[in-house]
Amino acid sequence: MKDKRIAVLPILLILALSLVGIAYAHWDDTVQIEGTVEMGSLTLAFDYVEPPLCQEYYLDPVTGALVPGEWLGKEVGDVDCWYDDLIEDEHSLKLGYKTLYIEVFNAYPQYIVHTTFKLHNIGTVPIKICEYDITGEKRDSTGALVYYLLWYDPDGNYIGSLWEDVDGDGNVDPAVDKEVINLEITNAVPYQIDQCETNKAQIDLEFKQDAQECHIYTIHVTVVGVQWNKPCP
Amino acid sequence: MKRKVMAMFLVSLMAVSLLGVAYAHWDDTVQIEGTVHMGEFIVGILDIKMIGDNEDTFDPPKEVAECYVELLEPETSVHHVPTETVYKVMLVTTENAYPNYINYIKFNLKNAGTIPAHIKTVTITAYDETDAQDLAVVEVAPGHYDIVDPVVGAIINLWLYKQETGAPLESNQLEPCTAEPVDLVIEFKQEAEECHTYTYKIEIYAIQWNKN
């Protein structure tokens with residue numbers, strides 16, 4: 001009797017599985033979309049190959065034209081310029097510098113310095129040069145901060161001047177503040193630099209009557225670039 | 001004695017005769033012969049209709065990034081007349097992508113079989129190969145997904161929807177021999193990191209229409 005029951009069990013089990021099999025049976029299929037995205041890079045730098053060039057000038061009082069060097073051939077002021085902060089774009093493996101230094105020594109009113117530099121898009125995405133962010137400060141011979149410098153450019157064409165913020169209110173007030181340096185940057189913004197392309201530009205400084213003796217003027221110019229398809233900030 | 005033997009013979013003859021009456025009958029048969037032609041369940045990508053991007057809309061238009069699409073793993077349906085080849089894998093490669101770059105890919109998803117298909121799920125997984133880490137995928141709306149880096153946030157917007165109605169693919173039926181035009185849109189966001197390589201996999205899972 002017991003043997004008969006045991007023999008029936010597998011049959012019942014097969015029946016049960018068969019029923020379950022009917023309940024779940026279906027066909028199915030899948031489709032796959034596999035994507036790979038390699039992101040580009042946006043890297044603006046000063047050119048690795050061509051160093052900056054700085055040149056002093058004076059204004060010839062007779063012709064009204066700029067002449068290289070200093071008045072009457074004297075060596076009074078001096079200027080040096082160089083790039084620093086070497087970087088390598090990890091995508092393009094191109095080299096470039098992040099900082100341009102311009103150092104002027106023994107400057108005096110109407111001493112003029114022109115510096116030519118080359119911007120290089122070493123990334124893989126076109127860059128739109130949007131603006132130059134210009135700040136600065138005046139320090140005494142010990143390095144102590146005297147005034148911040150304010151950028152004044154009512155036309156927005158980067159032909160303007162730096163003013164000592166004497167009253168410290170952050171706004172140029174000709175009655176109080178002092179205009180100490182004329183500054184002009186080419187080129188007109190915005191403009192674009194495609195990947196691997198370069199663009200030569202220039203920054204001109206002219207020291208004015210109110211620039212104070214034995215003080216140090218530090219100017220910071222940040223070149224602001226965004227990817228070419230986006231609006232400037 | 002001779003008479004007895006004769007009687008036995010007669011009795012046995014009668015017995016056999018009786019038996020013969022008992023078994024005699026007419027018979028006939030009916031047969032059921034079954035032939036089953038099974039259907040075919042095959043859903044795949046029929047073709048790519050368009051690969052595009054939004055670089056034409058920028059000022060000025062430039063060719064900066066590139067997108068390539070490749071169809072792999074062909075499978076030919078037997079039942080489709082004429083036979084139809086669909087592909088099980090679509091490989092999308094985007095090179096030199098950047099924020100605000102958008103890929104548009106239009107393709108036909110085809111039920112090349114003979115059984116209606118029900119698109120049950122769309123599953124997306126993503127991975128940052130540069131940082132060797134999994135990326136999260138969040139469905140922010142039907143058919144709209146965000147691929148999210150755990151550190152920097154959402155890096156890719158992804159849409160997958162029916163071209164004609166804009167409805168998501170899930171919970172839709174695809175009749176046999178019917179192609180559904182589908183849009184795949186991939187937008188790269190501000191937080192996407194430079195020089196990184198991201199991969200993603202979209203799995204469209206279909207089952208026969210009468211099953212859950």
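**A tour of the contact between chains A and B**

Begin by selecting Asp29(A) and Lys88(B), whose side chains form a salt bridge at 2.8 Å, N to O; the term denotes a side-chain nitrogen of Lys or Arg within 4 Å of a carboxyl oxygen of Asp or Glu. Two salt bridges are counted between chain B and chain A. The model is predicted: local features need pLDDT of at least 70, side-chain atom pairs count only at pLDDT 80 or more, and totals for chains, interfaces and linings use all residues. Residues are numbered from 1 along each chain as its sequence is written, chains are lettered from A in the order in which they are written, and side-chain values use heavy atoms, without hydrogens and water.

Next, select β1 (residues 28-39) of chain A together with β3(B); these strands pair in the parallel sense over eight bridges (pairing requires at least two DSSP bridges; strands are DSSP E runs of at least two residues, numbered from the N terminus). Within this pairing, Gln32(A) lies opposite Val89(B) of β3(B).

Now display the whole contact (heavy atoms within 4.5 Å): chain B contributes 53 residues and chain A 33 residues. About 3900 Å² is buried between the two chains, 54% of it on carbon and sulfur atoms; buried area is the accessible area (1.4 Å probe) that two parts lose on being put together, summed over both.

Finally, colour the side of chain B that touches chain A by residue class: 31 residues are nonpolar, ten polar and twelve charged. Here Ala, Val, Leu, Ile, Met, Phe, Trp, Tyr, Cys and Pro count as nonpolar, Asp, Glu, Lys and Arg as charged, and the others, Gly among them, as polar.

Definitions and conventions
Helices (H or I, at least four residues) and strands (E, at least two) are DSSP runs, numbered from the N terminus.
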